[in-house]
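Let's take a walk through a structure together, one piece at a time. Keep the picture open while you read, and try to find each part as it comes up.

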Amino acid sequence: MNRDNRKHLYDIHSWAGFVVGIALLIVCLSGAVAVFSPEIDRMANPALQVPGDQPIRIDADLALAALQASAPTDAKPMDRLSLELPNSRLPGLYGLMFETDAGYVYNYLDAASGNLRPPRTNHVNDFLRHLHVRLMYDRLPVGIVGAFLLISIVTGVMIYKHILRDMFRMRWRRTGNVRVTFADFHKLVGFWALLFHIVIATTGTWLALEGYLNPVIDGVAGGVKPADDEEEENMPSEPGQKMQPITPMIRQAQSLIPEFEPTYAAFDIQGSHPTVRIRGNVPGLVQENASQVIFNGWTGQIEEIYDVRDQSFWTQFRYALEPVHYGYYGGFWVKLLYLIVGLMPAILSITGALLWFERRKQASRPARRKSMEADT
Amino acid sequence: MNFANRFLAGFFGGTIAALLCAAAVLRSLPAEPKDAMSAAGMTLMLVWPVLIVVAFMTERGWLAWAVIAGVALVAAFLGWGLA
């Protein structure tokens, strides 16, 4: 690659970072912190603070009845209910969400005593997720930030002339030309977190843009594979039919899927074919709540057992993208690693901006060429 | 001019070729639609920046176009020719 192209790539790298710098900083900071959002959520909400090791004495049917009775007066009727079961993210509690005119209300019930908990007051978890996934607006800008991050990664690697030689080089300068320190730190962080950044940027960009890119790719492919969502026929329900209790369904789901941790009992009570889905987690690189057992709501018969681990390679691949991006597959230490390395793009954004300003400052000086050499 | 040529090759040619690669994966992968779409999406995310790299790394501008056109042709062959 000749010198002119390298210079142009340097400009693209700078501008790609500069244009989305603030947004990248917000997405990366919120994403890094969001790795621990369940823990932060519990700390911020007294309603969620119950000892996680206490025995569960209240079964899911009793909990559902009590939580439904606690619905706010202005709660809208819902055809699809989702009871959150006590699990590692919500230890010792049942939870049920209601939609009201003022927004969503979350009610919780102590699984040991059966007492209703005080109402949830803090929504830090939702805030962090909304900020990271939608920048408080939509997935599209986050996807654009991800695409710029990909361009930054690619151009950064290309303009870096001595990537292997400098992998341990860090020149600390407290006085004089701090640009060298910024440049070394920028390159060092960029190099050592490169693989992680590629993984985060590719999975994150796809997760953000899939809704927009799916029809484009499908259009280019000629519409060969239509969506496989099944539309179920909804018939009017027959009077006298009663929903089966869900506690035996939960037990059955646990026995059918090895190492299954039930997290939700989701009810679709509309029409003539009501179902109860016992969703949950299985160990490994598998998206949360992706495995499930579906029961007929009226008869209690099993309709489908879906363990992601038993599916084809490509299904497992699809369900691995989210845990790979969010890092919730490996416990505390993996999450801590994601938090630390997840902050790196934010650091790169800041050091990159500082370098850009330093470069602008030095642009009028005769040593411009020399300093540019130091950056590359 | 050389840079504009490579920019066109990388960002426009590369985007089209990467989309063709993703579409080829979608057409040819023996998987459920949603699974094939995830694989196609990741192909797009990985091939697209690589083609941008190719556009700027090749010695001459026409070679960048040739490589990207070659990738697009291979994708078209795999996705449509063999299907």
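In chain A of this predicted model, β2(A) and β3(A) form a hairpin, with 2 residues between the two strands. Strand β3 covers residues 103–110 of chain A, and it pairs with β2(A) in the antiparallel sense over 8 bridges.

On to β1(A). Strand β1 (residues 80–84) and strand β2 (residues 93–100) of chain A also pair in the antiparallel sense, over 2 bridges. Here you can look for Leu83(A), which stands opposite Leu96(A) in β2(A).

**The whole sheet**

Which strands make up the sheet, and in what order? There are 7 strands, and they form an open sheet in the order β3-β2-β1-β4-β5-β6-β7 of chain A, with antiparallel pairing. As a bit of background, strands of a sheet pair through backbone hydrogen bonds, either parallel or antiparallel.

Now for the ends of that row. The edges are taken by β3 and β7 (302–306) of chain A; each has a single partner strand, so one side of each is left without a neighbour in the sheet. On average, neighbouring strands of this sheet are turned by 20 degrees against each other, if you ignore direction.

At the β7(A) end, strand β6 (residues 291–296) of chain A is joined to β7(A) by 4 bridges, and the two run antiparallel. One pair to look for is Phe295(A) with its bridge partner in β7(A), Ile302(A).

Here are the strand pairs we've met so far, side by side:

| Strand pair | Sense | Bridges |
|---|---|---|
| β1(A) and β2(A) | antiparallel | 2 bridges |
| β2(A) and β3(A) | antiparallel | 8 bridges |
| β6(A) and β7(A) | antiparallel | 4 bridges |

**Helices on the sheet**

Helix α4 (residues 60–69) of chain A lies across β1, β2, β3 and β4 (261–268) of chain A, and runs at about 135 degrees to β3(A). Helix α9 (residues 247–256) of chain A packs on the sheet too, touching β4, β5 (275–281), β6 and β7 of chain A. The direction of α9(A) makes about 45 degrees with that of β5(A).

Let's look at a helix pair next. The axes of helix α3 (residues 37–44) and helix α5 (residues 124–134) of chain A come within 8 Å and cross at roughly 145 degrees. Who touches whom? From α3(A) come Ser37(A), Ile40(A), Asp41(A) and Ala44(A), and they meet Val124(A), Asn125(A), Leu128(A) and Arg129(A) in α5(A). Sorted by class, this contact has 4 nonpolar, 2 polar and 2 charged residues.

Most residues other than glycine have a negative phi, and most peptide bonds are trans. With that in mind, check out Leu135(A): its phi is near 50 degrees, a positive value in a residue other than glycine. Leu135(A) sits in the loop between α5 and α6 (139–159) of chain A. Met136(A) is found in the loop between α5 and α6 of chain A as well, and its phi is near 65 degrees, again a positive value in a residue other than glycine.

Are these two buried or exposed? Leu135(A) counts as partly exposed because it has 19 other C-beta atoms within 10 Å, and a residue needs 20 or more to be buried. Met136(A) has 12 other C-beta atoms within 10 Å, so it counts as exposed.

Chain B has 3 helices and 0 strands, and along the sequence its pattern is α-α-α. Its C-alpha trace spans about 45 × 20 × 15 Å along the principal axes. Of the 83 residues of chain B, 48% count as buried. Take the contacts in chain B between residues at least 6 apart in sequence: 67% of them join residues at least 24 apart.

How confident is the prediction here? The mean pLDDT of chain B is 88, and 98% of its residues reach 70 or more. The model scores ipTM 0.88 and pTM 0.85.

**Where the chains touch**

Finally, 31 residues of chain A are in contact with 30 residues of chain B. On the chain A side, the elements that give two or more residues are α1 (3–19), α6, α8 (194–221) and α10 (313–326). Of these, α8(A) gives the most, with 11 residues. By class, this side of chain A has 18 nonpolar, 7 polar and 6 charged residues.

Note on methods. Residues are numbered from 1 along each chain as its sequence is written. Chains are lettered from A and ligands numbered from 1 in the order in which they are written. This is a predicted model: local features need pLDDT of at least 70, side-chain atom pairs count only at pLDDT 80 or more; totals for chains, interfaces and linings use all residues. Axes are lines fitted to C-alpha atoms, for helices over the stretch in contact, and angles run from 0 to 180 degrees between N-to-C directions. Two residues are in contact if their C-beta atoms, placed from the backbone, lie within 7 Å. Ala, Val, Leu, Ile, Met, Phe, Trp, Tyr, Cys and Pro count as nonpolar, Asp, Glu, Lys and Arg as charged, and the others, Gly among them, as polar. Two strands pair if DSSP finds at least two bridges between them. pLDDT is the predictor's confidence in each residue, from 0 to 100.
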